Amino acid sequence: MAQPVSTASSGRIRLPDLSPRAYEHPVDRGALATLRMVPGFAEVLKVVTGFFHERGEHLMALSSAIRVGPTQYPELHELRLDCATTLDLDPVPDLYVARGAEPNAMTIGMENPFVVLTTGLVELLDNDSLRFVVGHEFGHVLSGHAVYRTLLLRLLDLRSTLSWTPMSAFGLRAVVAALNEWYRKSELSCDRAGLLCGQDPAAALRTHVLIAGGLDPAQVDLAAFLRQAAEYDSVDSIRDSIVKLRNVELLSHPLAVVRAAELQKWAASEEYRAILGGDYPRRGAEPPHHSWAGDVRSAARSYRESFATSADPLTKVFSDVGQAVSGAATSLWSKLGPHTPEDGTDRA
């Protein structure tokens, strides 16, 4: 096991050659593994989208926002470099600050992704919280999420085009809902990347409190804030369950309080401590297709665990469905793909 390395400037642990598999949520990994198995899908989508959109997006940022550098937002520039060093991300993505009242951050582009922070976010957060946010966005870069987010946007466009056809609209709605579910899980993944970057669970929680509506974290009881997530999960009527599903069906981001609780649970886990101790997957050590079946099983296991601990009656109903789908997917892979043992490694 490689030894962790402290960064020279901060004392935070560097994570050389960190693979996104180290922090990706199990359901995120399962969805990505499935999409990555489509021959040539990612490469074609990258080329087409980059050709028509990416250069324009770069020029728009260059002409309408402030690019962070040694003489422009120098503290953010140092933070950007520090995050890239901690996550071992090279080249370092450009960082822009754009005018916007809403606190928001986004990663744009595929071949040369860059990050945009709104002024509302920069004004709201302290440096430690901003490090968490920039680390989160760098997690999107490291995982290559922009490719799959683009697929979701294209399907949203297609849904409006075909909305006059009832069956097409219904089918696309199901696909879009599934992709939004994946993207919400990808946000949970990148919250973990942000935590690995800052290595400060309190700063991460402070960020979630402020984004949820806090004006001053000192005026928010953090334990009570996290109990809201447990209360949300403990609804005991089908009616409330359906309302919850409708509330999140088309959301691209997890609900703020639930998201905070999920990350704090991971921050207290052995998995997080092991990564900081140097025990984590390295980039390039395992081709994605070698662990496809394992990723699907991990995704199903994650859902089953959430079903088992939830008091939500509709969530419990979906448990058997999730197990059946994961079993069918694994069976199909065993017939069409390379034979894999239970640990997901290739026998060849």
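1. In this predicted model, Ala98 has Thr118 of strand 6 as its bridge partner. Strand 6 (residues 114–118) runs parallel to strand 4 (residues 95–98), and four bridges join the two. Strands are DSSP runs of E with at least two residues, helices are runs of H or I with at least four, and both are numbered from the N terminus.

2. The open sheet has four strands in the order 3-4-6-5, with mixed pairing; two strands pair if DSSP finds at least two bridges between them. Strand 3 (66–67) and strand 5 (105–108) are the edge strands, each pairing on one side only. Helix 5 packs on this sheet and touches strand 5 and strand 6 (contact: heavy atoms within 4.5 Å). The direction of helix 5 makes about 25 degrees with that of strand 5.

3. Helix 5 (residues 127–143) also meets helix 3 (residues 74–87): their axes come within 9 Å and cross at roughly 50 degrees. Axes are lines fitted to C-alpha atoms, for helices over the stretch in contact, with angles from 0 to 180 degrees between N-to-C directions.

4. On the helix 3 side, the contact includes Leu76, Leu79, Cys83 and Leu87; on the helix 5 side, it includes Leu130, Val134, Phe138 and Leu142. The contact residues divide into nine nonpolar, two polar and four charged (nonpolar: Ala, Val, Leu, Ile, Met, Phe, Trp, Tyr, Cys and Pro; charged: Asp, Glu, Lys and Arg; polar: the others, Gly among them).

5. Residues are numbered from 1 along each chain as its sequence is written, and side-chain values use heavy atoms, without hydrogens and water. Local features need pLDDT of at least 70 and side-chain atom pairs count only at pLDDT 80 or more, while totals for chains, interfaces and linings use all residues.
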